[in-house]
Every structure is written in C-alpha cells, then in structure tokens.
Amino acid sequence: MRKFLLIAALASLTAGCGILYKQPIYQGNLLDKAAVDQLAVGQSKQQVQALIGSPSIADPFHAQRWDYAATERTNRRGTTEIKNLTLHFQGDTLASWEGEYFPENDLQLSSDMGRFGNLAKDKKKGARR
C-alpha cells in the first residue's frame, strides 16, 4: 500500500510540472510558403501586404524595411528557434528580401491547431477553414 501511495503522490506532483510533455508554441508571423514564393522585385507595399500580411515589427526609424519575426519552442528546456524575414523597399516598391521563416510548418501547424480547436469553423459545412 505504501508503494502505491508513493507512486500516486509522485505521479500527481510531476503531472503539472511540464516534465513529461511541453506543448510546442509558435509565435509571430507564420508565413505561407506559396505566398512568399510569389514575392517579386517591383511589387508595391500594398501587394506585399496582401500576400504575406503586415509586418510584425513596425520600426518608425526604418520605414523602408519590414521585418517578419517568428519563434518556435518545441522542447522541454525552453529552447527557442527564431527566424526573421526582412523585406527592403525603395520608395513604395520591393527591392529585396533576406532571411528565413518556418515554411515546413504550414500544413503541420494548421492540422495541429485544428485538433486543438483554435481555427474558426465554417458554419455552413461544419468544417475548419
């Protein structure tokens, strides 16, 4: 009986600590690979914003630069991977871009979020968008 109580107490103490499982956390701009592949030199800021959305970092001192930042934490130690995609403009047109993002996570993340119930449901079909 003592062993059972010890195991039960130990299991209940470690259950809420995050020792056994830590849910992955994604934050920032998770960009769609198909949208980023459509970027082209000479596009206007409006066209770029329609493709990949507004930048996550709006810097008033660098209006000709848009930064899209994303982080991913997947392990129990809290190690975070950071990826930045930076777009450079000349006036109102896209001149160049550099950096990286999480393109391999698009499909996996959308299926995971659907499982957790974070995506809106289509009322007509009862399916997830």
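Tutor: Gladly! Keep in mind that this is a predicted model. Let's begin with the charged pairs.

Student: How many residues apart are Asp37 and Lys33 in helix 2?

Tutor: The two side chains meet in a salt bridge, at 3.1 Å from N to O. Lys33 is partly exposed, with 40% relative accessibility. Both residues lie in helix 2, which spans residues 33–37, and about one helical turn separates them, so the spacing is 4 residues.

Student: Glu81 and Lys83 also meet in a salt bridge. Is Lys83 buried or exposed?

Tutor: The N to O distance in this pair is 3.7 Å, which is inside the 4 Å limit for a salt bridge. Glu81 is partly exposed, at 38% relative accessibility. For Lys83 the relative accessible area is 10%, and the cut-off for buried is under 20%. Lys83 is therefore buried.

Student: Now to a loop residue. Which residues does Ser44 touch, not counting those up to four places away in sequence?

Tutor: Ser44 sits in the loop between helix 2 and helix 3 (45–52). At 18% relative accessibility, Ser44 counts as buried. Beyond its sequence neighbours, Ser44 touches Asp92 and Thr93.

Student: And the core: which element gives the most to the largest nonpolar core?

Tutor: This core has 13 residues, and Leu31, Val36, Leu39, Val48, Ile52, Tyr68 and Leu87 touch the most other members. Helix 2, helix 3, strand 2 (65–73) and strand 3 (80–90) are the elements that give two or more residues to it. The one that gives the most, with 3 residues, is strand 3.

Student: Which residues is Val48 in contact with, leaving aside neighbours within four places in sequence?

Tutor: Val48 is among the core residues that touch the most other members. Leaving aside those sequence neighbours, Val48 is in contact with Leu39, Gln43, Gly53, Trp66, Tyr68, Leu87, Phe89 and Leu94.

How values were computed. Residues numbered from 1 in each chain as written. Predicted model: local features only at pLDDT ≥ 70, side-chain atom pairs only at ≥ 80, totals over all residues. Heavy atoms only, no water. Buried < 20%, exposed > 50% of the residue type's maximum accessible area, 1.4 Å probe, protein only. Contact = heavy atoms within 4.5 Å. Core = buried A, V, L, I, M, F, W, Y, C linked by side-chain atoms within 4.5 Å.
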